[in-house]
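Subject: Structure handover

Hello,

Here is the structure we spoke about. Please open it beside this message; my notes follow below.

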Amino acid sequence: MRKFSDKQGVAALTLGAIGVVYGDIGTSPLYTMKEIFGPATGIPLDAAHLIGAVSVIFWGLMMIVTLKYVVLILRASNRGEGGIMALTALAAHAAGKTPGRRTALLLTGVLGAALFYGDSVITPAISVLSAVEGLEVVAPRLKAYVLPISIAVLVGLFVVQRHGTGVVGKLFGPVIVLWFGVLAVTGVLQIMQQPAILAALNPWNALAFLHAQGWHLFVAIGAIVLAFTGVEALYADMGHFGKRPIQLAWMGLVLPALALNYMGQGALLMRDPSALENPFYRLFPQAWLVPAVMLATCATVIASQAVISGAYSMTRQAIQLGLLPRMQVHYTSAREAGQIYMPQVNWILLVAVLLAVLGFGSSSALAAAYGIAVTMTMLITTVLTFFVVRHGWGYPLPLALAATGVFLALDGVLVVACSLKFWQGGWFPLVLGVAIFILMATWKRGRELLIESIRNDDPELLPFITGLVKDNIHQIPRTAVYAVANPDTVPQALLHNLKHNQVIHERNLILTVVFHEVPWIPFEQRVQVTPLAPGFWRVVVNYGFKNTPDIPQALELCRGQGLALNLFEISYFLSRETVVPTPGAGMAHWREALFAAMSRNAGSVVGFMRLPNNCVIELGTRVQI
């Protein structure tokens, strides 16, 4: 019975993985073949080049997706979690023996995370546009409606985010399974009419195609790479579904369906070169075009939803790793902590996506912008994986180089190929990524300078509270919790409380919240309680970057370490720092001003830490950096 239950669980997770993980790469057939043989590449549309191009796609899916991600990178689990943040933490922990190397690895991972946001903008724009462009095949006069309909779909998608995806999320798996089934069936029908396309399964045809291109090779690969976009989701969503279901979904359904559809489009173009105007929709009979457009639109909305949810998750992890200021987080499900909605991220993404749609105007124009951010993230993933293989798993250097060297070379070629499209639109996601990298690096360095300034200016904690106890300061009932970033100096809120009220509480907790570079911290390791002086305790609360902070819940755990607290008798004293940029050491003045602006607009710690609103006293202080 247990074995049957386990199989049911794996089947459910596999269905879920198909709906969330593979939506992006699964909608690539909408536009990839059209771009490979479009006017921008100049590749002749004949049987030899069609077989060669499809062969490169097939073996690219085998090498990049199957061998690199499904076989190798899914092994690089950070306590069951995946994604660029988890991999960065894993690599930094394994290989960061010196501060310089650790900083370099962390900055490399932060750049990869920043580039993810560029992909988060392009994916919804190109996916939805390419689906709605099917209306032009249904009736050319509908071309004028493609842009307005695409904008309406995208606006609707972002507007409904605040309601969560709990209900419609259950449909994601079945809809995408239907989508892949349609990809496979339409592909097979075309292959049956032109079986010569099966020669694409021979890797020599891929090599011959690439060799024949000469230096034009990079232009061709810049278009072919569109077939691999979305591959990072395999690793990023490992924590949600597990390694096994993601592998089963890829090998059992997604890879065969994609391979068959690309070969089907190749077979169609061999028979009818005029189908290049939109080879995907020309796979369907005229009577099936409208249902095909509707299904494709649903599939692209699901793919976009996965990317948007990924942006929320990435942002929350970045906040908890100290890379971004606090932002408002709404939990849209009472049962699933991972289902969140972040209003600021949502509306910034929507504006960026609409700018991309209006600025580029078509999926073909957006294809030029697509790829460079994705391939740079893929390259960074490979670099970080090398350090995990070499230092985390302890493999000898030659073996570590053999395991990652080929993929590093492949990723390098993809990055160079996409870089050729920089002025045609590749700059757009790159500029977005670099801007977010600057924000992340500035916030992290600014917080370091802020804590250093507080450490230098504020009195040392232990002698101060020892003196307070000796001075018999008037005590009042209840418990005071002072949240501090630096646990060794006196909290500003405590100083202000003494100055203005001239009292202390019977019990005083100096609370420090620490976010570790691991995904999860279990409850038994959540709190550490240290007595400091009569009436004073230091409490350290530990979270992983995927844990949901909840201070009242954490304080209940203090009972197990001998500190019983009544949560209804606690007052939370918070210090809110106003950052004052000053000339001199630290950061460049413009970065200090940027940090000060980010600090002013940071979300409230009350909501972020789930503190009860009616028990919080916030006291301000000015800090120079």
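Which residues point one way from β6, and which the other way? F536, R538, V540, N542 and G544 take one side. W537, V539, V541 and Y543 take the other. Residues on both sides are buried.

Please keep in mind that this is a predicted model.

β6 spans residues 536-544. The strand is mostly covered, with nine of its nine residues buried.

- β4 covers residues 504-516 and runs parallel to β6, with nine bridges between them.
- β5 covers residues 527-533 and runs antiparallel to β6, with six bridges between them. Here P531 stands opposite W537 of β6.

β5 and β6 form a hairpin with two residues between the strands. G535 in this hairpin has a positive phi, near 90°.

**The chain as a whole**

The chain holds 25 helices and eight strands. Along the principal axes, the C-alpha atoms fill a box of roughly 95 × 55 × 50 Å.

Of the 625 residues, 54% count as buried. Take the contacts between residues at least 6 apart in sequence: 82% of them join residues at least 24 apart. The accessible surface comes to about 26,200 Å². Carbon and sulfur atoms account for 64% of that surface.

On charge, there are 40 positive and 30 negative side chains. The centres of the two sets lie 4 Å apart.

Q317 sits in helix α15, residues 289-320. Is Q317 buried or exposed? Its relative accessible area is 7%, under the 20% cut-off, so Q317 is buried. Setting aside residues up to four places away in sequence, Q317 touches M85, F545 and K546.

V177 is in helix α9, residues 169-193. At 29% relative accessibility, V177 falls between the 20% and 50% cut-offs, so it counts as partly exposed. Beyond its neighbours within four places in sequence, V177 is in contact with L15, I18 and L253. How far apart are the C-alpha atoms of V177 and G19? They are separated by 7.3 Å, while the two residues are 158 residues apart along the chain.

**Two backbone points to check**

Most residues other than glycine have a negative phi. Please look at the following two with that in mind.

- Q502 is not a glycine, yet its phi is positive, near 55°. Q502 lies in the loop between α22 (492-501) and β4. Its relative accessible area is 59%, over the 50% cut-off, so Q502 is exposed.
- R610 is not a glycine either, and its phi is positive at about 60°. R610 lies in the loop between α25 (605-608) and β8 (616-624). With a relative accessible area of 36%, R610 is partly exposed.

Best wishes

Conventions. Residues are numbered from 1 along each chain as its sequence is written. This is a predicted model: local features need pLDDT of at least 70, side-chain atom pairs count only at pLDDT 80 or more; totals for chains, interfaces and linings use all residues. Side-chain values use heavy atoms; hydrogens and water are left out. Helices (H or I, at least four residues) and strands (E, at least two) are DSSP runs, numbered from the N terminus. Buried means under 20% relative accessible area, exposed over 50%, partly exposed in between (1.4 Å probe, protein chains only). Contact means heavy atoms within 4.5 Å. Accessible areas come from the Shrake-Rupley method with a 1.4 Å probe; for residues, only the protein chains shown count as cover. Lys and Arg count as positive and Asp and Glu as negative; His and the chain ends are not counted. The place of a charge is taken as NZ of Lys, CZ of Arg, CG of Asp or CD of Glu. Two strands pair if DSSP finds at least two bridges between them.
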